[in-house]
Amino acid sequence: MTTATEVGYVEMRIAKVVGLSAAGEEPVRQYVVLEEEAGDRHLAIAIGQPEAFSLATHLGGITWRRPMTYQFVAALVQALGGRVRQVRIDRVVEETYLATVEVEGPPGMQSVHARPSDALNLAALVQAPIFAAPAVLQEAEARRAGDSPTAARLRRALAACPMTVGTVEL
C-alpha cells in the first residue's frame, strides 16, 4: 500500500485554533492552523464556530460527560470494526479546501470525502496522522501573499495566540 508521504504529501500537525476579527468586523472568523511536522510550512483553514469550539476544547483537554458529535463518529467507526488511518487535506475546489479521511475496516480501505474541519476534529480525537498535498500548501502560501484583506487575515491567523476554552468552578 502506498503511503501519503511516498506520493509527496507533507505530514502536518494541528498547531492551534484561533478566532479573529478586525475592529468593527462581524462575525469573528475562526481558523485552524496546521504546521509541518518536519519543516516550517503552515496552513490556515477557515472553519465554522462549532467546529472551532470542538477542536479547541479537545486541544485544551476538556472532556464531556456524554459523547459529542465527533466522539460519537469516532466510536461509530470503531464499533463497525474500523479505524481512521489518516486524514489528508488534498485539494482546493472553488477556493475551498477539501479533505479525505481514510478508514480501514472489514470491507478494506475506504476513502471518505470531508470538510477539513470535520476531518481534523476526528483526527485529533483518534490521533490519526494528518497530511497536506504539496499543491494545497502552495495555494495556502499564495493566499497569504499580497495586500488583500484575506491575505492579511491569514497572516494574522498564523501569528495569533491560540483560542482557549476552559471550565469555571461555580
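Predicted model: local features only at pLDDT ≥ 70, side-chain atom pairs only at ≥ 80, totals over all residues.
**View A. Packing of helix 2 against helix 3.** Two packed helices are described by the angle between their axes and the distance between the axes. Helix 2, residues 69-79, packs with helix 3, residues 116-126, at an angle of about 65 degrees, and the two axes lie 9 Å apart. Angles of 65 to 115 degrees count as roughly perpendicular, and helix 2 is therefore roughly perpendicular to helix 3. The crossing of these two helices is right-handed. On the side of helix 2, the contact is made by Tyr70, Gln71, Val73 and Ala74. Helix 3 contributes Ser117, Asp118, Asn121, Leu122, Leu125 and Val126. Sorted by class, the residues in this contact are 6 nonpolar, 3 polar and 1 charged.

**View B. Packing of helix 1 against helix 3.** Helix 1, residues 49-59, packs with helix 3 at an angle of about 15 degrees, with the axes 10 Å apart. Because angles under 35 degrees count as roughly parallel, helix 1 is described as roughly parallel to helix 3. The crossing of helix 1 and helix 3 is left-handed. From helix 1, the residues in contact are Glu51, Ser54, Leu55 and His58. They meet Ser117, Asp118, Leu120, Asn121, Ala124 and Leu125 of helix 3. The contact of helix 1 with helix 3 comprises 4 nonpolar, 4 polar and 2 charged residues.

View C. Two or more lining residues are given by each of strand 2 (29-36), strand 3 (42-47), strand 5 (96-105), helix 3, helix 4 and helix 5 (149-159). Strand 3 supplies the largest share of this lining, with 4 residues. By class, the lining of the largest pocket includes 8 nonpolar, 4 polar and 7 charged residues.

View D. The structure holds 1 cavity of 30 Å³ or more. Ala44, Tyr97, Ala140, Arg143, Arg144 and Leu154 line the largest cavity. Helix 4, residues 134-144, provides the largest share of the cavity lining, namely 3 residues. In this lining, 4 residues are nonpolar and 2 are charged, with no polar residues.

Technical notes. Residues numbered from 1 in each chain as written. Heavy atoms only, no water. Axes fitted to C-alpha atoms, helices over the stretch in contact; angles between N-to-C directions. Parallel < 35°, antiparallel > 145°, perpendicular 65-115°, else oblique. Left-handed = near helix turned anticlockwise from the far one by under 90°. Contact = heavy atoms within 4.5 Å. Nonpolar A, V, L, I, M, F, W, Y, C, P; charged D, E, K, R; others polar. 1 Å grid on protein atoms, 1.4 Å probe; cavity = no way out; pocket = protein on both sides within 12 Å on 5 of 7 lines; lining within 4 Å. Points joined across faces, edges and corners; volume = space filled by probe spheres on them.
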